[in-house]
Amino acid sequence: MRYLPKSPADREEMLAEIGVASIDALFETIPAEYRLSEDLKIPRQHSESEILDRFRAFAGNLASGDAAELAAAPAAKLFASFLGAGAYRHYRPVIIDSLVQRGEFLTSYTPYQPEIAQGTLQAMFEFQTMICELTGMEIANASMYDGSTGAAEAVMMAVRVTGRSGAVVAKTVHPEYREVLHTATQHQGIPATEVGYDKATGRVDLAALDAAIGEDTACVLIQSPNFFGTIEDVAAVAAIAHAKGALLIVSIAEAVSLGIVKAPVEADIVSLEAQSFGVAVGFGGPYCGVIACKEKFLRQMPGRLVGETKDKNGKRGFVLTLSTREQHIRREKATSNICTNQALVALMTTIFLVVYGKQGLRELAEQNLAKAAYLGSVMAAAGARRLFSGPCFNEFAVALPRTVADVNADLLGRQMVGGLDLAKWYPELGESAALWCSTELTTKAQMDAAASALKA
């Protein structure tokens, strides 16, 4: 029989139902000498992640459960990782996999037939609602393939909305997102002009951005936090774009940042990668993108949209809405050739957000912010120089004492995965430029060890 915890309110309701005044009265028929009159002598409660760490330690053949020994041991041969750059290691509550593997979700039928897909449709509806609350937008779709395709689709959407043909893209947008955008637009007559970044702050160069926007510019695409981890001045970029009749698209690769960073309410379209919300890094996917926007652009939004309705008996129900079959079977008449979504992965995101809640997400974001601040301080003491002065969330660009290749090779020998080498996409930064990230899973001991290795 499973243990199902009861709240105080549950207990009061159960006692009232059976006509007993209190828990003590319920057990008064048991002789006093057999009743427990003191607290159980058991260790303090552990969080879910701490419990999993203890079991990983046991799996590593540790003879003792001593806390200090467990903390020092390389329990399951897990390496410390300081990689971010669009794919982030966050804790995944175990309830996520328990729920998404239920047959109702894992093998659910197409939501085109709402009479047998209400659970899936409601989960999508809740997903859309929470995305709107997080981004400050008015509507959101039921998910895209990932953040990169979402950004590309957002640009094509802006072209349809404005009737213009060009796009201005910040060079601080994820390089692989820009590659996907080029793939999607190169044969559609949508030229994309790239704009550089301020060498001091790591933000998009506002003067160059203003100069690049012309009469035929449909949209400006930025990312915040951007690829350097720097938080962009969304309001300033929006003012420049809107003054020239262009739409503003804000791409977000690190969704947890929305727990503490101001939502990009000045944007017209938001493209979000929701991988951080309970989706495993998983060798690059599957992930979960999403587009959210102002309601007036609804008809041009790609992907599925779930709406709330009532059945013939007046009961609440959910259906796919504002989408014709042409969207999915007649590509030449569709707003997008992305006809499906990531419903199961979006469900992971939905469960994650429900488990954490509004306050929990903020506390999670605060942990990430604090960890990055500490990592930056110990790395600076070890000789790593911050490249940009702009505010950051949980990752930042640094110039290391040696080349990134040398540093990362040394760290790997110490069971640590170093930051991302930025020279591949930004050769002007040099061979010592790296992007380092820390999340709530990065421990103080790991950060101190990395700094010690840099110093050595």
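# Reading loops, sheets and spaces

Trainee: Where is Pro 286 placed?

Mentor: Pro 286 sits in the loop between β7 (269-273) and β8. Helices (H or I, at least four residues) and strands (E, at least two) are DSSP runs, numbered from the N terminus. This is a predicted model, where local features need pLDDT of at least 70, side-chain atom pairs count only at pLDDT 80 or more, and totals for chains, interfaces and linings use all residues. Residues are numbered from 1 along each chain as its sequence is written, while side-chain values use heavy atoms, with hydrogens and water left out.

Trainee: Is the peptide bond from Gly 285 to Pro 286 cis or trans?

Mentor: Cis, with omega near 0°. The loop between β7 and β8 also holds Phe 283. Its phi is near 55°, a positive value in a residue other than glycine. Now go to Pro 225, in the loop between β5 (217-223) and α11. The bond from Ser 224 to Pro 225 is cis, with omega near -10°.

Trainee: Now the sheets. What is the order of the 7 strands in the open sheet?

Mentor: Start with pairing: two strands pair if DSSP finds at least two bridges between them. The order is β2-β8-β7-β6-β5-β3-β4, and the pairing is mixed. β2 (139-140) and β4 (192-195) are the edges; each has a single partner strand, so one side of each lacks a neighbour in the sheet. β2 runs antiparallel to β8 (residues 289-293), joined by 2 bridges. Ile 139 faces Cys 293 there.

Trainee: What is the order in the open sheet of 4 strands?

Mentor: β11-β12-β15-β14, with antiparallel pairing. The edge strands, β11 (385-386) and β14 (420-421), each pair on one side only. Between β11 and β12 (residues 395-399) there are 2 bridges, in the antiparallel sense. Arg 386 has Val 398 of β12 as its bridge partner.

Trainee: How many bridges join β9 and β10?

Mentor: 5 bridges, antiparallel, between β9 (residues 306-310) and β10 (residues 316-320). Val 306 is bridged to Leu 320 in β10. The hairpin has 5 residues between its strands, and Gly 314 takes a positive phi near 85°.

Trainee: On to helices. Where does α13 bend?

Mentor: Compare spans to begin. The expected span is 1.5 Å times one less than the number of residues. A straight helix of 39 residues would span 57 Å, but α13 (residues 343-381) spans only 45 Å between its end C-alpha atoms. Next comes the bend, the angle between axes fitted to the seven residues ending at a residue and the seven starting there. α13 bends by about 90° at Gly 357. Just after α13, Gly 383 has a positive phi of about 105°.

Trainee: How many salt bridges are there?

Mentor: Side chains of opposite charge can pair when their charged atoms come close. The rule asks for a side-chain nitrogen of Lys or Arg within 4 Å of a carboxyl oxygen of Asp or Glu. By that rule there are 11 salt bridges. One of them joins Asp 210 to Lys 244, with the closest N and O atoms 3.1 Å apart. Asp 210 lies in α10 (residues 206-212), and Lys 244 in the loop between α11 (234-243) and β6 (247-252), so read this as a link between distant parts of the chain, 34 residues apart.

Trainee: How many cavities of 30 Å³ or more are there?

Mentor: Rolling a probe the size of a water molecule over the atoms shows where empty space is left. On a 1 Å grid over the protein atoms alone, a cavity is a set of points where a 1.4 Å probe fits but cannot get out; a pocket is an open set with protein on both sides within 12 Å along at least five of seven lines; lining residues have an atom within 4 Å of a point. Grid points are joined across faces, edges and corners, and volume is the space filled by probe spheres set on the points. The count is 2 cavities. The largest share, 3 residues, comes from α14.

Trainee: How do the lining residues of the largest cavity divide?

Mentor: The classes are nonpolar (Ala, Val, Leu, Ile, Met, Phe, Trp, Tyr, Cys and Pro), charged (Asp, Glu, Lys and Arg) and polar (the others, Gly among them). The largest cavity has 5 nonpolar, no polar and 2 charged. The second largest cavity, with about 30 Å³ of space, has 2 nonpolar, 4 polar and 1 charged.

Trainee: What is the volume of the second largest pocket?

Mentor: About 440 Å³. Of its 20 lining residues, Gly 84, Ala 85, Gly 86, Ala 87 and Glu 176 are the closest to its centre. α8 (147-162) and α9 (175-185) each supply at least two lining residues. The lining divides into 9 nonpolar, 7 polar and 4 charged.
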